[in-house]
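Dear colleague,

Please find below the structure I promised to hand over. My notes on it follow directly after.

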Amino acid sequence: MTTRSNLDPADWAILRQQGHRMLDDMLDHLQTLRERPVWQPIPAALRAAFREPLPAQGQPLASVHQRFMTQVLPYSVGNAHPRFMGWVQGGGTPEGMLAEMLAAGLNANLGGRDQMPLEVERQIVHWMAELFGFPAGASGLFVTGSSMANFLALLVARTQALGPASRRSGVAASGPPLVAYAASTAHGCIAQAMAMAGLGSDALRRVPVDGRHQMDLGELRRQVAADRAAGLQPFLVVGTAGTVDVGAVDDLAGIADLARREALWFHVDGALGALGMLSADVAPLLEGIERADSIALDFHKWGQVPYDAGFVLVRQADAQLEAFASPEAYLARHPRGLAAGSPWPCDLGPDLSRGFRALKTWFTLMVHGRERLGAAIGQTCALARYLERRVAQSPRLELLAPVALNIVCFGLRGVDADRVHPELVADLQESGIAVPSTTRIDGRTAIRVAVVNHRTTAADIDALVDAVLSWTDARPTVHPPLREAEPA
Ligand SMILES: *Cc1c(COP(=O)(O)O)cnc(C)c1O
């Protein structure tokens, strides 16, 4: 019998050497990001190589790492790259990466029990409560992302509306159907959360937006009244702090007023924008967020924490406990020993086993501090305004939505936008020069640039604009030459 069952290395010295090599390779990668394409297509043969059977025998760590370096690393989405501007994704930091390594080494399970890693998570809950002006009795929880954070907040709101007994009796037995409200531009995960909560996505009223892409509060008021008149039970309004398509911020103070008058739970989807509170430039736009009953946010977007690090904050811990805490015997608490320290994260959400997402977030906040993180956030908005100016200065380009935060939607003037913009964007992505994306604004396809990455500079914006303009230069049939009358 020669097979060892212990999975630790036979020779720690070899492992240590290889580990240092892996760390150096990754730091080299981060240090030289700019020298590589943002993204490149996966070769068919490489994709096929990942359909091999489960290996019976192990291979040396060094050769598996070699495969990672050549076959995986070059073909990721590229959101760490300064010219990735396609979607709302953060760039990460080397410090966050190192913290993730420490967390994996510790291998802590943050479902509960009396351990210092939970105090790290609670520290961040306190910081967030402070940042958003929530009371000391607020509660919070790390989750995968804001899709999950929005879902958990919706479940808390649902339990508050129907009473804790509804956890046993179910939604169907709990009186008139619940209805919720969000702007038509709200993220798709809100409708998905309604579906998963058993309320149905049709019970999410999609309120029209005005010219600034903010929820129309007059329409919201009318819709709530109409639903009440129809015997339904309005229970929740979701305001968005930074819509994913154009970066618009709803009138959160106005929604807070209406939510109070109508006794609705006021949730803010702050996946993209809530951490704007760290920036003196952005914080005023978020006025009213301090009156929310709950907030979803993503540290992995503007917070630059490596994926994944979503977070839900609830104004009153009791409300969160009422939605999730349960009295299982194997989770019994005791005043001392490892079963102390209640409540535990497993009382605040559906996850029992949970990783130490709080550590990379704590490192990021500790190492950079709120001012520097806030400055990085402010910089992404300044770059969006710079792109807005470049678009305004080019007679061939037009702005397609107002720029509120860090997202710019624009297009080529006088083209068939639905045909040309997706081709242009795919060509740019495949060129590796820059990665924008598309979205639909007022029924037509727009080129969308979301500046989230702290590494992006004005030169990167210039490179993008230049690439767009040379693409059109190369295709005079797509874009007829300019007439003299147009401004230069
Ligand atoms: C990104 C985003 C989400 C979804 O968050 P995930 O972290 O991707 O799950 C929800 N709402 C908005 C406004 C977003 O920008």
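In this predicted model, Ala296 stands opposite Val312 of strand β7. The two strands concerned are β6 (residues 294-298) and β7 (residues 310-314), which run antiparallel and are joined by five bridges.

Both strands belong to an open sheet of seven, ordered β1-β7-β6-β5-β4-β2-β3, with mixed pairing. At its edges stand β1 (139-143) and β3 (204-207); each has a single partner strand, so one side of each is left without a neighbour in the sheet. On average, neighbouring strands are turned by 20 degrees against each other, direction ignored.

Helix α6 lies across β1, β2 (178-183), β4 (233-240), β5 (265-270), β6 and β7, and runs at about 150 degrees to β4.

I then turned to the nonpolar cores. The largest has 104 residues, and Met128, Phe132 and Phe299 are those with the most contacts inside it. Helix α6 (residues 146-162) supplies the largest share of this core, namely nine residues. Domain 2 (102-325 + 334-365) and domain 3 (371-473) each contribute at least three residues to this core.

Which residues are in contact with Phe132, leaving aside its neighbours within four places in sequence? They are Ala274, Met277, Ile289, Glu290, Ile295, Leu297 and Leu313.

There is also a second, separate core of 27 residues, with Leu383, Val391, Leu424 and Trp471 among them.

With kind regards

How values were computed:
Residues are numbered from 1 along each chain as its sequence is written. This is a predicted model: local features need pLDDT of at least 70, side-chain atom pairs count only at pLDDT 80 or more; totals for chains, interfaces and linings use all residues. Side-chain values use heavy atoms; hydrogens and water are left out. A nonpolar core is a set of buried Ala, Val, Leu, Ile, Met, Phe, Trp, Tyr and Cys residues joined through side-chain atoms within 4.5 Å. Buried means under 20% relative accessible area, exposed over 50%, partly exposed in between (1.4 Å probe, protein chains only). Helices (H or I, at least four residues) and strands (E, at least two) are DSSP runs, numbered from the N terminus. Domain bounds come from an automatic or database domain assignment. Contact means heavy atoms within 4.5 Å. Two strands pair if DSSP finds at least two bridges between them. Axes are lines fitted to C-alpha atoms, for helices over the stretch in contact, and angles run from 0 to 180 degrees between N-to-C directions.
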